[in-house]
Amino acid sequence: MDKATLAAYDGNAAGFAQDWHEQPAPDDLHSIVRQYFVPGACADIGCGSGREVGWLDANGFTSHGYDASEGLLAEARRRYPQSRFTHAALPELAGIADASFDNVLCETVIMHLPAEDIAPSVSRLQSILKPGGVLYLSWRVTNDGDQRDKHERLYASFDTGLVRGALQGCALLLDEEVVSASSGKVIHRLVAKKAA
């Protein structure tokens with residue numbers, strides 16, 4: 001994780017959590033999960049304040065949230081005390097064994113990584129999937145070079161081919177650029193299925 005981005009999340013975790021939880025529900029994401037995810041265990045990598053973990057748990061998925069920000073994890077644990085949250089950061093995801101999950105969700109996270117960490121992170125997300133498992137991956141689209149917002153969070157600009165190339169051994173089920181129903185920002189999202 002980019003250090004300035006992580007510092008921003010840790011420094012104002014309550015404010016970011018409030019903003020996210022006040023946004024419209026991400027019905028488009030939920031529809032994709034219902035359509036593509038397989039029954040079983042689900043990891044939310046970059047879970048933030050736990051909104052999607054709470055939804056997954058309430059909708060039949062046994063989920064576990066992971067985030068690099070201790071501040072956001074504290075918010076997640078406060079909001080969803082019945083759910084599981086653990087510290088882990090891309091690209092390493094230390095402490096998560098290979099082939100641990102049937103589904104992996106990584107919603108608008110990888111754009112906060114330096115460009116050199118994107119492909120290794122995508123490969124690592126794939127590695128924690130069981131054979132036949134499904135990965136949902138999205139990121140905010142930045143077309144004019146790397147940018148930082150008013151909080152100093154990094155929004156990396158990179159070619160989608162970098163992500164696709166790191167998904168060797170996976171079949172792409174969805175590959176689209178859309179406006180997020182929740183944030184109103186342009187995102188690119190992929191759904192990929194790992195070979196059985």
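**Entry 1: the sheet**

In what order do the strands of the open sheet run? I started with this one, keeping in mind that I am looking at a predicted model. I read the order as β3-β2-β1-β4-β5-β9-β8, an open sheet of 7 strands with mixed pairing. At the edges I find β3 (84–87) and β8 (170–179). Each has a single partner strand, so one side of each is left without a neighbour in the sheet.

**Entry 2**

Strand β4 covers residues 101–106 and strand β5 covers residues 129–140. I see them pair in the parallel sense, over 5 bridges. For a landmark on the screen, I noted that F101 has L129 of β5 as its bridge partner.

**Entry 3: helices on the sheet**

Which strands does α4 lie across? I find β1, β2, β3 and β4 under this helix, and α4 runs at about 170° to β2. Helix α5 (residues 70–79) I place across β2 and β3. The angle I noted for α5 is about 170°, this time to β3.

**Entry 4: α1 against α2**

I have α1 at residues 3–11 and α2 at residues 13–22, with axes that come within 5 Å and cross at roughly 85°. Angles of 65 to 115 degrees count as roughly perpendicular, and α1 and α2 are therefore roughly perpendicular to each other. Who makes the contact? From α1 I list A8, Y9, D10 and G11, and from α2 I list A13, F16 and W20. Sorted by class, the residues of this contact come out as 5 nonpolar, 1 polar and 1 charged.

**Entry 5: the largest pocket**

What volume does the largest pocket have? I wrote down about 720 Å³. There are 36 residues in its lining, and the closest to the pocket centre are Y9, W20, G46, E107 and T108. Y9 and W20 were already in my notes, as part of the contact between α1 and α2. Looking at which elements contribute, I find that α2, β1 (41–45), α4 (51–58) and β2 (62–67) each supply at least two residues of the lining. The largest share is that of α2, with 3 residues. By class, I have the pocket lining down as 17 nonpolar, 10 polar and 9 charged.

**Entry 6: a cavity**

How many cavities of 30 Å³ or more does a search of the whole structure find? The search gave me 1, and the volume I noted for the largest cavity is about 30 Å³. Its lining is made of P26, D28, L29, E107, Y136, S180, S182, I187 and R189. The classes here are 4 nonpolar, 2 polar and 3 charged.

**Entry 7: the loop between β3 and β4**

I finished with some backbone details. Where does P91 sit? I found P91 in the loop between β3 and β4, joined to L90 by a cis peptide bond with an omega of about 5°. L93 is found in the loop between β3 and β4 too. I flagged L93 for its positive phi of about 50°, although it is not a glycine.

Definitions and conventions:
Residues numbered from 1 in each chain as written. Predicted model: local features only at pLDDT ≥ 70, side-chain atom pairs only at ≥ 80, totals over all residues. Heavy atoms only, no water. 1 Å grid on protein atoms, 1.4 Å probe; cavity = no way out; pocket = protein on both sides within 12 Å on 5 of 7 lines; lining within 4 Å. Points joined across faces, edges and corners; volume = space filled by probe spheres on them. Nonpolar A, V, L, I, M, F, W, Y, C, P; charged D, E, K, R; others polar. Axes fitted to C-alpha atoms, helices over the stretch in contact; angles between N-to-C directions. Helix = DSSP H or I, 4+ residues; strand = E, 2+ residues; numbered from the N terminus. Parallel < 35°, antiparallel > 145°, perpendicular 65-115°, else oblique. Contact = heavy atoms within 4.5 Å. Pairing = 2+ DSSP bridges.
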